[in-house]
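Here is a walk through one protein chain, from its overall make-up to a few single residues. Keep the sequence and the 3D view open while reading.

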Amino acid sequence: MLDSDHCRSDMTHRRTSRQESRETNVARILRAAETLCAIYGSGKTNVRDIASYLKMSPANVYRFFPSKLAIYDELVAQVLEDNFPVMQPDSGRFTSAETLREFMLGLHRPVLALMRDEEKIFELLTVADDERWPAFEVHAKRVRDVVAELVEEGVRAREFRQQDSLRAAECLCASTAALWEPKAIKNLHFRRSLMTPEDLVSFSVEALRNGPFQCWR
């Protein structure tokens, strides 16, 4: 019985060690990919470059990621998680409209900062957005789901009119895409306009309020 328990414990220890080793190597590869991407851009960085930077063989990198795309998709997920924590704000002290406005502006600030300060990483997000990489699609869905929940709260509070909250979220996310989608935000800042991000968000949120409103199909 004791031998059996010892065997199970030893197997568990080995599995844990292998898992920790894998996580360490995955983290090293992602850090290397981010470093090289920030310098050269993802388009000019391949698996061989990453392997050389880490002083390992490309075959060893492929043990943990099946392709360059898989590495950079995971890096996109990490950048999005670090810079765009899609969490519902505490709405206890604010109206639904105020909470929704602050949430959308909270998405705008970090993507604007990346565009200004981390040009190559921002370009990576733009590619992920434009080519609909899985990591960015998950991010966009999280944004939409949070917006839908906030719209639903506004409907329950009778601040927003009765409506399909998911459809409303899709419309609001599309109308404010120039503030938080990398492929769209560049165009907003190329234009000479009197419109501010606050203006665009407020205009879009107002469409949700009680009162006559016609959404043409």
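A helix here is a DSSP run of type H or I with at least four residues, and helices are numbered from the N terminus. By that rule Cys171 is found in helix α8, which covers residues 165-175. The model is a predicted one.

Buried means under 20% relative accessible area and exposed means over 50%, with partly exposed in between. Cys171 has a relative accessibility of 39%, so Cys171 counts as partly exposed. Along the chain, Cys171 and Ser204 are 33 residues apart, while their C-alpha atoms are separated by 8.8 Å.

Leu166 also lies in helix α8. With a relative accessible area of 38%, Leu166 is partly exposed. Leaving aside neighbours within four places in sequence, Leu166 is in contact with Arg144, Asp145 and Ala148. The C-alpha atoms of Leu166 and Glu152 are separated by 8.7 Å, and these two residues are 14 apart along the chain.

Now take the chain as a whole. It has eleven helices and zero strands. Of its 217 residues, 40% are buried.

What does the interior hold? In soluble globular proteins, nonpolar side chains tend to be buried together. In this model, the largest nonpolar core has 60 residues. The residues with the most contacts inside that core are Ile50, Ile71, Leu100 and Val147.

The next step is to see how some of the helices pack. Two packed helices are described by the angle between their axes and the distance between the axes.

Begin with helix α5 (residues 96-117) and helix α11 (residues 197-206). Their axes are 10 Å apart and the helices pack at an angle of about 140°. Roughly antiparallel would need an angle over 145 degrees, so α5 is oblique to α11. The crossing of α5 and α11 is right-handed. On the α5 side, the contact is made by Ala97, Leu100, Arg101, Met104, Leu105 and His108. On the α11 side, the contact is made by Pro197, Glu198, Val201, Ser202, Val205 and Glu206. Sorted by class, the residues of the contact of α5 with α11 are seven nonpolar, two polar and three charged.

The axes of α5 and α6 come within 6 Å and cross at roughly 125°. That angle makes α5 oblique to α6. α5 passes α6 in a left-handed crossing. Here Val111, Leu114, Met115 and Asp117 of α5 meet Glu119, Ile121, Phe122 and Leu125 of α6. The residues of this contact divide into six nonpolar, no polar and two charged.

Helix α6 also packs against helix α4 (residues 68-83). The axes of α4 and α6 come within 10 Å and cross at roughly 110°. That makes α4 roughly perpendicular to α6. α4 passes α6 in a left-handed crossing. Tyr72, Leu75, Val76, Val79 and Leu80 in α4 meet Ile121, Leu124, Leu125 and Ala128 in α6. By class, the contact of α4 with α6 has nine nonpolar residues, and no polar or charged ones. Ile121 and Leu125 of α6 take part here, and both also meet α5.

Most residues other than glycine have a negative phi. The place of Lys55 is in the loop between α2 (47-54) and α3 (58-62). Its relative accessible area is 77%, so Lys55 is exposed.

Arg158 also has a positive phi, of about 65°, and is not a glycine. Arg158 is found in the loop between α7 (134-156) and α8. At 70% relative accessibility, Arg158 counts as exposed.

Methods:
Residues are numbered from 1 along each chain as its sequence is written. This is a predicted model: local features need pLDDT of at least 70, side-chain atom pairs count only at pLDDT 80 or more; totals for chains, interfaces and linings use all residues. Side-chain values use heavy atoms; hydrogens and water are left out. Axes are lines fitted to C-alpha atoms, for helices over the stretch in contact, and angles run from 0 to 180 degrees between N-to-C directions. Helices (H or I, at least four residues) and strands (E, at least two) are DSSP runs, numbered from the N terminus. Angles under 35 degrees count as roughly parallel, over 145 as roughly antiparallel, 65 to 115 as roughly perpendicular and the rest as oblique. A crossing is left-handed if the near helix is turned anticlockwise from the far one by less than a right angle, and right-handed if clockwise. Contact means heavy atoms within 4.5 Å. Ala, Val, Leu, Ile, Met, Phe, Trp, Tyr, Cys and Pro count as nonpolar, Asp, Glu, Lys and Arg as charged, and the others, Gly among them, as polar. A nonpolar core is a set of buried Ala, Val, Leu, Ile, Met, Phe, Trp, Tyr and Cys residues joined through side-chain atoms within 4.5 Å. Buried means under 20% relative accessible area, exposed over 50%, partly exposed in between (1.4 Å probe, protein chains only).
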